[in-house]
Amino acid sequence: MAANPKRVEHQVTDKGVVPVYATGTVEQPWDDYTETDHRVWATLFERQNALLVGRACDEFLANQARMGMSADRIPKFSELNAALAETTGWEIVGVEGLLPELTFFEHLANRRFPVTWWIRKPEELDYLSEPDLFHDLFGHVPLLMEPVFADYMQAYGRGGVKAHAIGPDALTNLTRLYWYTVEFGLIRQADGLRIYGAGIVSSKGESIHSLESAAPNRIGFDLERVMRTQYRIDTYQKTYFVIDGFEQLMAATAPDFTPIYARLADQPAVPAGEVLPGDRVLQRGSGEGWASGGDV
Ligand code: HBI
Ligand code: FE
């Protein structure tokens, strides 16, 4: 059994004490995965794909198939890297788990996506405290085959390196953008709303909740609104932001963020469940089941 890596240190952040792993990359120990590891992958893969037809955006499912991901076995990073190399030039690198922010940004800025090498245990199927192989590989990697989204991810990494030099408030603004797009973003297709966020597509409950529940707000994407908005790390999101296409997301985030950070510094953060007068409201949530405290 591929044991979970030893945690090398912990970082005190505004989200509490989080484990921070070594910053190095590791080879995927594919031969060490056990039948249990492969069965966890197969169970999650089959369950999610059954849910995601009609819920995930077209690009997600098409690229998952195109790169040859299946339920049979945990995919080999080397095989997926061959598909990525000939489409968008992205590369999967194995890591122990969460990386220091700057290290993470530097990988993205160089078209490297860090994927945790170990997969959750059978008893952790539905909840995990940190990203594992299934979240990273199943959730994040297929869209790295989509050229415009691949460009967005690299631009995000470059922005992260710059934000890291500016200071913690800029980093907070930028992390919110990552959270409400890369992790929990929704996209409008001709045939309706679909999911593109990795945190949603890798979660059984949130794949349904994000599109079909009356509880959350669904609001049209606006860059500065998103960068001001707090989010949830322990429950479903209270608000989902909707883009009209990956081109819109890329265009919206093309300008230099420095003046935006300066403008946002004078504005209060927006609580996760709030609706503002200028919002393009697709659904004003009922708020049913919302936890009162805990926005970060
Ligand atoms: N490290 N391996 C890994 N994966 C992530 O998604 C990740 C990270 N470190 C920091 C981080 N994400 C977030 O804080 C980003 O918003 C930077
Ligand atoms: Fe993620």
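User: In this predicted model, how do the residues of the shell around ligand 1 divide into nonpolar, polar and charged?

Analyst: The shell around ligand 1 has six nonpolar residues, two polar ones and one charged one. Its members are Gly97, Leu98, Leu99, Glu101, Phe104, Phe105, Tyr156, Thr175 and Tyr178.

User: Which elements give two or more residues to the shell around ligand 1, and which gives the most?

Analyst: For the polar contacts, begin with the backbone: a nitrogen atom of ligand 1 is 3.0 Å from a polar backbone atom of Gly97, and a nitrogen atom of the ligand is 2.9 Å from a polar backbone atom of Leu99. A side chain takes part as well: an N or O atom of Glu101 is 3.3 Å from an oxygen atom of ligand 1. As for the elements, H4 and helix H7 (168-183) each give two or more residues to the shell. H4 gives the most, with three residues.

User: How much of the accessible area of ligand 1 does the protein cover?

Analyst: On its own, ligand 1 has 390 Å² of accessible area, and the protein covers 89% of that.

User: Which residues are the protein donors of the iron ion (ligand 2), and how are they spaced in sequence?

Analyst: The protein donors are His135 through NE2, His140 through NE2 and Glu183 through OE. They lie 1.9 to 2.1 Å from the iron ion. In sequence, the spacing of these donor residues reads H-x4-H-x42-E.

User: Are His135 and His140 buried or exposed?

Analyst: His135 is buried, and so is His140.

User: Now the salt bridges. How many does the structure hold?

Analyst: Side chains of opposite charge can pair when their charged atoms come close. The structure holds 13 salt bridges. One of them joins the side chains of Arg47 and Asp126, at 2.8 Å from N to O. This pair links distant parts of the chain, 79 residues apart: Arg47 is in helix H1 (residues 35-52), while Asp126 is in the loop between S4 and helix H5 (133-140).

User: What is the relative accessible area of Arg47, and what is that of Asp126?

Analyst: Arg47 has a relative accessible area of 22%, so this residue is partly exposed.

User: Where do Asp244 and Arg188 lie?

Analyst: The side chains of Asp244 and Arg188 meet in a salt bridge, 2.8 Å from N to O. Asp244 lies in the loop between strand S8 (239-243) and helix H11 (246-252), and Arg188 in strand S5 (residues 186-189), so the pair ties together parts that are 56 residues apart in sequence. Asp244 is partly exposed at 41% relative accessibility, and Arg188 is partly exposed at 34%.

User: Which residues are joined into one network by salt bridges that share partners?

Analyst: Start with one pair: Asp295 and Arg232 meet through their side chains in a salt bridge, 2.7 Å from N to O. Asp295 lies in the segment after strand S9 (281-283) and Arg232 in the loop between helix H10 (223-228) and S8, so the pair ties together parts 63 residues apart in sequence. Asp295 counts as partly exposed at 22% relative accessibility, whereas Arg232 counts as buried at 1%. Salt bridges that share partners join Arg232, Asp234, Lys238 and Asp295 into one network.

User: What is the phi of Arg111, and where does this residue lie?

Analyst: Most residues other than glycine have a negative phi. Phi of Arg111 is near 60 degrees, a positive value. Arg111 lies in the loop between helix H4 (101-109) and strand S4 (112-116). At 15% relative accessibility, Arg111 counts as buried, because the cut-off for buried is under 20%.

Key:
Residues are numbered from 1 along each chain as its sequence is written. Chains are lettered from A and ligands numbered from 1 in the order in which they are written. This is a predicted model: local features need pLDDT of at least 70, side-chain atom pairs count only at pLDDT 80 or more; totals for chains, interfaces and linings use all residues. Side-chain values use heavy atoms; hydrogens and water are left out. Helices (H or I, at least four residues) and strands (E, at least two) are DSSP runs, numbered from the N terminus. Buried means under 20% relative accessible area, exposed over 50%, partly exposed in between (1.4 Å probe, protein chains only). A residue is near a molecule or strand if one of its heavy atoms lies within 4 Å of it. A polar contact is a pair of N or O atoms within 3.5 Å; within protein, one must be able to donate a hydrogen and the other to accept it, and residues adjacent in sequence count only if both atoms are side-chain atoms. Accessible areas come from the Shrake-Rupley method with a 1.4 Å probe; for residues, only the protein chains shown count as cover. Ala, Val, Leu, Ile, Met, Phe, Trp, Tyr, Cys and Pro count as nonpolar, Asp, Glu, Lys and Arg as charged, and the others, Gly among them, as polar. Donors are N, O and S atoms within 2.8 Å of the metal (3.2 Å for Na, K and Ca); water is not among the atoms, so sites may look incomplete. A salt bridge is a side-chain nitrogen of Lys or Arg within 4 Å of a carboxyl oxygen of Asp or Glu.
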